[in-house]
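Work through the following exercises with the structure beside you, and try each task before you read its solution.

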Amino acid sequence: MTSFLDPLISFVSAHAWLGYLTLFLAALLEAVPMVGSVIPGSTIILALSALVPGGELKLPWVLLAAALGAVLGDGSAYWIGHRRQREILNTWPLTNYPRLVAESESFFNRFGTWAVFFARFVPPIRAFVPVTAGALGMAPAKFYAVNVPAILLWAPAHVLPGVLAISALHEYAGLHHHGHVGKHIWILTVVGVAIVVGLAIWTIRRRQGSAVAEAKPRA
C-alpha cells in the first residue's frame, strides 16, 4: 500500500489541479441519486485532506472544490425533482432503490425544511433528499437557504479532521512531512474505517431486507 500511496502523493503534488478536480467530482457525484450511494465521496475528501499540511494541496481551494461540487450536485438533483415533481420518485432508476427513496421521503416528512440540512451529514440518504425535496414541492429559495449553509459546514467537517490529524502527527509525534508517514497513517485509517462502516451498513440492510421478506405472508 505504501508503494501505491507514495507515487499518488507525488503525482497530486505535481498536478494539484487534478486533486482539486477529484475533490469537486467526489462531492458532486456523492450528491447524485444512485451514484451517491455507491461513490465514496466523503472517504475521498477525508483521505485527500491529508495532503493539505504538506502543501500538496491548498486548504482554501480544497474547501472551495468540495463546496462547489456539493452545491452543484445537490442543486441539480433538486431541480430534477422540482421539474418532474412526485413522478420522479416512481421513475427508473429511482425505482431500483425503493428503501432509500422511502427513507428519504420519511426523513423529509419528519424534519421538513431542516431535512435538507441534516441529510448533508447522513449518508447514503443525502443523495436522495435533494431530489425528494424538489419532488415534494419545496420552494427553491427555501431549499438553497438551508442547503448552502449546510454545505458550508459539511465541507470543513470533512476536510479539517485530516488537516488537524496530520498537523498533530507532525507536531507532536515527530513525523516529517517529506516522509509521508503521517499521510499514510491517515489515508489508510480513513479507507479502513470506510470499509468497515460500509460492510456494517450492508450487513444491517441485508438482514432488514431478509426480515421484511420473511414477514410477508406467502401466497
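Predicted model: local features only at pLDDT ≥ 70, side-chain atom pairs only at ≥ 80, totals over all residues.

**Exercise 1.** Determine how H2 and H3 are oriented towards each other, and describe the residues at their contact.

*Solution.* First consider the axes of H2 and helix H3 (residues 41–48), which come within 8 Å and cross at roughly 155 degrees. Since angles over 145 degrees count as roughly antiparallel, H2 and H3 are therefore roughly antiparallel to each other. The crossing in which H2 passes H3 is left-handed. On the side of H2, the contact is made by Gly-19, Thr-22, Leu-23, Ala-26, Ala-27 and Glu-30, while H3 supplies Gly-41, Ser-42, Ile-44, Ile-45 and Leu-48. Sorted by class, the residues of this contact are six nonpolar, four polar and one charged.

**Exercise 2.** Carry out the analysis again for H2 and H4.

*Solution.* Helix H2 (residues 16–30) packs with H4 at an angle of about 30 degrees, and their axes are 7 Å apart. Angles under 35 degrees count as roughly parallel, so H2 and H4 are roughly parallel to each other. Here H2 passes H4 in a right-handed crossing. From H2, the residues Tyr-20, Leu-23, Phe-24, Ala-27 and Leu-28 meet a set in H4 that includes Trp-61, Val-62, Ala-65 and Leu-72. By class, the contact of H2 with H4 has twelve nonpolar, two polar and no charged residues.

**Exercise 3.** Which residues of the largest nonpolar core touch the most other members, and which elements give two or more residues to this core?

*Solution.* The largest nonpolar core holds 24 residues, of which Val-116, Ala-133 and Met-138 touch the most other members. The elements that give two or more residues to this core are helix H4 (59–84), helix H5 (98–111), helix H6 (114–119), helix H7 (129–135) and helix H8 (140–172). To see one member in detail, set aside the neighbours of Met-138 within four places in sequence; Met-138 is then in contact with Tyr-78, His-82, Phe-108, Thr-113, Val-116, Ala-133 and Phe-143. A second, separate core has 21 residues, among them Leu-51, Val-52, Leu-57 and Val-62.

Technical notes: Residues numbered from 1 in each chain as written. Heavy atoms only, no water. Core = buried A, V, L, I, M, F, W, Y, C linked by side-chain atoms within 4.5 Å. Buried < 20%, exposed > 50% of the residue type's maximum accessible area, 1.4 Å probe, protein only. Helix = DSSP H or I, 4+ residues; strand = E, 2+ residues; numbered from the N terminus. Contact = heavy atoms within 4.5 Å. Axes fitted to C-alpha atoms, helices over the stretch in contact; angles between N-to-C directions. Parallel < 35°, antiparallel > 145°, perpendicular 65-115°, else oblique. Left-handed = near helix turned anticlockwise from the far one by under 90°. Nonpolar A, V, L, I, M, F, W, Y, C, P; charged D, E, K, R; others polar.
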